Amino acid sequence: MAGGRVRQVSGSVQTALTDLWQQHWPNCPPVGYKLRDPYQDLWVRFHSLPESKRYAEDESEYAVVVERYNTVLDELFAGEGVYVITPVWATEAEVPPSQPDDGYWQTLLVEDDPDPEFRTYCHLFAARRSWRYGCLDELLRNIADDKVAGILITDTQMRRIYHPYDGGADVFLPTPGERDRMRDRHADWLSSHPSGL
C-alpha cells in the first residue's frame, strides 16, 4: 500500500473492541455525531467557554477550555486506561496509513451512495493509553481549534464515552442517574438552549 504500512491492533483486540461496543452501544456505530439521538437519555453536553462561546481567542480562554476538558475526563477516567479512537474519513474503502501509535480497528461505510465518488467511509484507529490529567492537552487544543474532529475517548470497557468537539464535549454515561449527577456537578457549563445543544 502506498504511503506506509497500516498497523493493526491484534485480531483479538479488534474483536474485543467491536464486541464491547456492540454490548454497550448497539444502536449506533462508533461515530461521535451519531450517538446523541439513540442515547439521548445517557447524554449531556458541556460547553468549553462561558456563555457558550465557541472558540478561544487568547491563552486565558484556552486555559479555560483545556481545564474543562480535563476536569470531565478526570472524573470519567482517573487512574484508568482509555482508548483514544481517531476517525479518518475517506471516499475509499482502502485503509489509509495509520499514525505511529494508533492501531487500525475497523472501517465503517457511513454514507452508502450509489455513486462511488459520494460514498463516505470512516476508518477507525484505536490507541490505548493510561489516563492522567493533561496527557491529551495537545490533542484537546487541536480539537478546540477544529484542526481535529470526531475523536472518541472511552474507558477500556467502552461504558463511558467522551466526545470533545470545537466548542465543548458530549458525554455518554451508562445510566441516566450517572448522567444527571455529572450534569449537575457542572451545571454552569450547560447550554441555555432547551435541547441541551
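Biologist: Over the face of which residue does Arg36 lie?
Modeller: This is a predicted model, where local features need pLDDT of at least 70, side-chain atom pairs count only at pLDDT 80 or more, and totals for chains, interfaces and linings use all residues. Residues are numbered from 1 along each chain as its sequence is written, and side-chain values use heavy atoms, leaving out hydrogens and water. A charge sits over a ring if NZ of Lys or CZ of Arg is within 6 Å of the ring centre and within 35 degrees of the ring normal. At 5.6 Å from the ring centre, Arg36 lies over the face of Trp43.

Biologist: How far is Arg141 from the ring centre of Tyr62?
Modeller: Here an Arg lies over the face of a Tyr. Arg141 and the ring centre of Tyr62 are separated by 3.6 Å.

Biologist: What is the strand order in the open sheet?
Modeller: Strands (E, at least two residues) and helices (H or I, at least four) are DSSP runs, numbered from the N terminus. Two strands pair if DSSP finds at least two bridges between them. The edge strands, β1 (43-47) and β3 (103-111), each pair on one side only. With antiparallel pairing, the seven strands run β1-β7-β6-β5-β2-β4-β3.

Biologist: Which residue in the turn between β5 and β6 has a positive phi?
Modeller: β5 (residues 152-155) and β6 (residues 161-165) run antiparallel, joined by two bridges. Thr154 has its bridge partner, Ile161, in β6. Five residues lie between the strands of this hairpin, and a positive phi of about 60° belongs to Met158.

Biologist: Why is the pair of Trp25 and Tyr39 edge-to-face?
Modeller: Rings of Phe, Tyr and Trp (its six-membered ring) pair if their centres lie within 6.5 Å; planes under 30 degrees apart are stacked, over 60 edge-to-face, the rest tilted. The centres of Trp25 and Tyr39 are 4.9 Å apart. The pair is edge-to-face because its planes stand at 90°.

Biologist: Is Trp25 buried or exposed?
Modeller: Buried means under 20% relative accessible area, exposed over 50%, partly exposed in between (1.4 Å probe, protein chains only). With 1% relative accessibility, Trp25 is buried.

Biologist: How many residues apart in sequence are Tyr104 and Phe125?
Modeller: These rings are edge-to-face too, 5.8 Å centre to centre with 70° between the planes. Tyr104 lies in β3 and Phe125 in β4, so the pair ties together parts separated in sequence by 21 residues.
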